[in-house]
Amino acid sequence: MATNTWPQPLKDWVTKCLQQINLLPEPIKSEAQAELKDKIANAYAKKTMWTIDWSTQELECMKPKTAKRKVGVDTTGNPIKKTKKSTLAASLLSSETDDRLQQRARRFEREHEIERQKQSGQHQSPASYYSRHVNQAPPQSSLESRMSGLTTSFSFTPRPVKGQARRKYMNSSMGYDESEDVADPNVIDWDRYTIVGKSTNLFKNYLRLTSEPDPRDIRPYHILQQTLTELKRKWKEDAKYPWICDQFKSLRQDLTVQRIKNEFTVQVYEIHARMALESADLVEYNQCQSALRHLYELGIPGKSEEFLAYRILYMLHTRNRSDLNRLMSSLTPQIKANPAVKHALDVQAALATNNYHAFFRLFMNAPNMGAYIMDHFVERERIAALCVMSKAYLSLPLSFIANELAFDTPTDAHTFLFNNGAAQYVVPKNGGSGGSIADGTKMIDCKAAHKPLLTTSEKFARRVNIKGAI
């Protein structure tokens, strides 16, 4: 059978098929070639090569395979539409999830409401939450269950829920009704593992936990209150900061492992943060500030405005402009009116406008302990101000620089200039001394001092990065 006797449509169709067959994998390719030969041979045998519309022909092995959809039937023989069934199941699952989320939200609302009542003295439950930590020893069965929870792993096996099975989410001393919440096998009842300390030692060295805490080494709530009182007394008696810091870290650890979060916890972190600022320990201050932010967000009262001002000043120190802008945009007019927050915002405005005169006046009148944070970047701003002064003036009296840059004495200003290579003074033509450093009459040669000041300012150009930064 010569191909030159084939009709042109057949030739075009064979060319098209061969192009498609060459793209197929080997097993299907051989099958398609055999089917193509059979189809042409059958047409030749039946003498239909000239009558078939070859443009509409397809090889069976190259046709797309469509999956057959299985449709079930009910007892009457009618087909069952599974799409509706799956849609109904999805809606029921979504409804069940929404109900569970609403129950959890109501439970947390009740918890916060009870905490607020306790703090205001309105909650008159016969056994409050913190009575476990202060006045009453836990029952034997409760203690045994807690100890067993400490000596075993924290693996959790979901329990089957039957009908309207209920469970207590929190301890009965929190004032919850056992019948209020539906049991959720996927939520762990962490109250089973809450530790109640038994140690009576006021002081304890801080040691990082590497295993499950032992209640015999943990101080209970009323002992921790006594510890804080003693630590404040010792700090006033000029105790060494490293020892005080170690004791405060140990106190905070005991609060954490016993899950105590109340006004006393806020007080502990606030006092430790102030001591850290006074001792120039920004790493420990950052850890306290981070914990305080979380406690304030829980609604526990404290000096939130004071520490918000510290946070703004710290961001100015680290030059964290993105977080600072985000924080400032979230402040309400009421918060901005607070004296400490207003002072911190004024400092930010002075730095943003390069108004060093306003900055150093604010530095001298910082409320609370804001000046302790500003101490960390006041040297940077003094160098920046001196760069501007030395470029604007030919000479300046030392007393003016001491007063403008908030130095205690002209001698302190001279020491600062000397340490930064800028103690360049005008030499009188008559060969005299040119004034005294002590009384500030000595004149600074601004042109000679400008270049070393610029060199010093370069080391302050980088962004500050401190371990434990918030």
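This briefing covers the nonpolar cores, cavities and aromatic pairs of the structure above. The model is predicted. Its largest nonpolar core has 79 residues. The whole structure holds three cavities of 30 Å³ or more and nine aromatic pairs.

**Nonpolar cores**
- Tyr-285, Ile-312 and Phe-359 have the most contacts inside the largest core.
- Beyond its neighbours within four places in sequence, Ile-312 touches Leu-324, Leu-327, Leu-331, Val-341, Ala-344 and Leu-345.
- A second, separate core has 14 residues, including Trp-13 and Met-49.
- In soluble globular proteins, nonpolar side chains tend to be buried together.

**The largest cavity**
- Its volume is about 60 Å³.
- Among the residues lining the largest cavity are Leu-386, Met-389, Ser-390, Cys-446 and Leu-453.
- Helix H16 (378-392) and helix H19 (446-458) each give two or more residues to this lining.
- The lining has 10 nonpolar residues, one polar and no charged.

**Aromatic pairs**
- Trp-13 and Trp-54 form a tilted pair, 5.2 Å centre to centre with 35° between the planes.
- This pair links distant parts of the chain, 41 residues apart: Trp-13 is in helix H1, and Trp-54 is in the loop between helix H2 and strand E1.
- Trp-13 is buried, at 5% relative accessible area, and Trp-54 is buried too, at 2%.
- Tyr-285 and Tyr-314 have ring centres 6.1 Å apart and planes at 55°, so their pair is tilted.
- Tyr-285 sits in helix H9 and Tyr-314 in helix H10, 29 residues apart.
- Tyr-285 is buried, with a relative accessible area of 0%; Tyr-314 is buried at 1%.
- Phe-359, Phe-360 and Phe-377 are linked into a cluster by ring pairs.

Methods. Residues numbered from 1 in each chain as written. Predicted model: local features only at pLDDT ≥ 70, side-chain atom pairs only at ≥ 80, totals over all residues. Heavy atoms only, no water. Core = buried A, V, L, I, M, F, W, Y, C linked by side-chain atoms within 4.5 Å. Buried < 20%, exposed > 50% of the residue type's maximum accessible area, 1.4 Å probe, protein only. Contact = heavy atoms within 4.5 Å. 1 Å grid on protein atoms, 1.4 Å probe; cavity = no way out; pocket = protein on both sides within 12 Å on 5 of 7 lines; lining within 4 Å. Points joined across faces, edges and corners; volume = space filled by probe spheres on them. Helix = DSSP H or I, 4+ residues; strand = E, 2+ residues; numbered from the N terminus. Nonpolar A, V, L, I, M, F, W, Y, C, P; charged D, E, K, R; others polar. Phe/Tyr/Trp six-rings, centres within 6.5 Å; stacked < 30°, edge-to-face > 60°.
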